[in-house]
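Hi,

Here's the structure I promised to send over.

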Amino acid sequence: QVQLVESGGDLVQPGGSLRLSCAASGRLYGIAATGWYRQAPGKQRELVASITRGGMIRYVDSVQGRFTISRDNVKNTVDLQMNSLKPEDTAVYYCKADEDSDVGGHVYWGQGTQVTVSS
């Protein structure tokens, strides 16, 4: 089992910055990739950014150049630095961890943290 706890969500003005953190615990050795997703009201949950065990990173086009995902293997955290925030970034942000198929292939989600970008 893997537990994910997100933190850092807040109300911020357009153009501002926030840093989200996902703290992971439990059976982490089998985690192949960790990502940040978001879900706005009335919309489907979408991938924002992800990082694999090997360090491969991908971003959705709408956040490229504004958001940065990073991982701390000592603290077992995956952070999302969000700069130049826009109202359309408003959503609940979730952390997701994908397990290797040879150890079960489970998918784990955190409970989410609310990000609101508004003046």
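**What I found**

Asn76 counts as partly exposed because its relative accessibility is 33% (buried means under 20% relative accessible area, exposed over 50%, partly exposed in between, using a 1.4 Å probe and protein chains only). Asn76 is in the loop between E7 and E8 (strands, E, are DSSP runs of at least two residues, numbered from the N terminus), and has a positive phi of about 60° without being a glycine.

Before going on: this is a predicted model, so local features need pLDDT of at least 70 and side-chain atom pairs pLDDT 80 or more, while totals for chains, interfaces and linings use all residues. Residues are numbered from 1 along each chain as its sequence is written, and side-chain values use heavy atoms, with hydrogens and water left out.

Ser84, in the loop between E8 and E9, also isn't a glycine and has a positive phi, of about 50°. Ser84 is partly exposed, at 40% relative accessible area.

Then there's Lys96, in strand E9 (residues 91-99). Lys96 counts as buried because its relative accessibility is 11%. Leaving out residues up to four places away in sequence, Lys96 touches Leu4, Tyr37 and Trp109, among others (contact means heavy atoms within 4.5 Å).

Phe67 is worth a look too: setting aside neighbours within four places in sequence, its contacts include Arg38, Val48, Leu80, Met82 and Tyr93.

Cheers

Definitions and conventions
Helix = DSSP H or I, 4+ residues; strand = E, 2+ residues; numbered from the N terminus.
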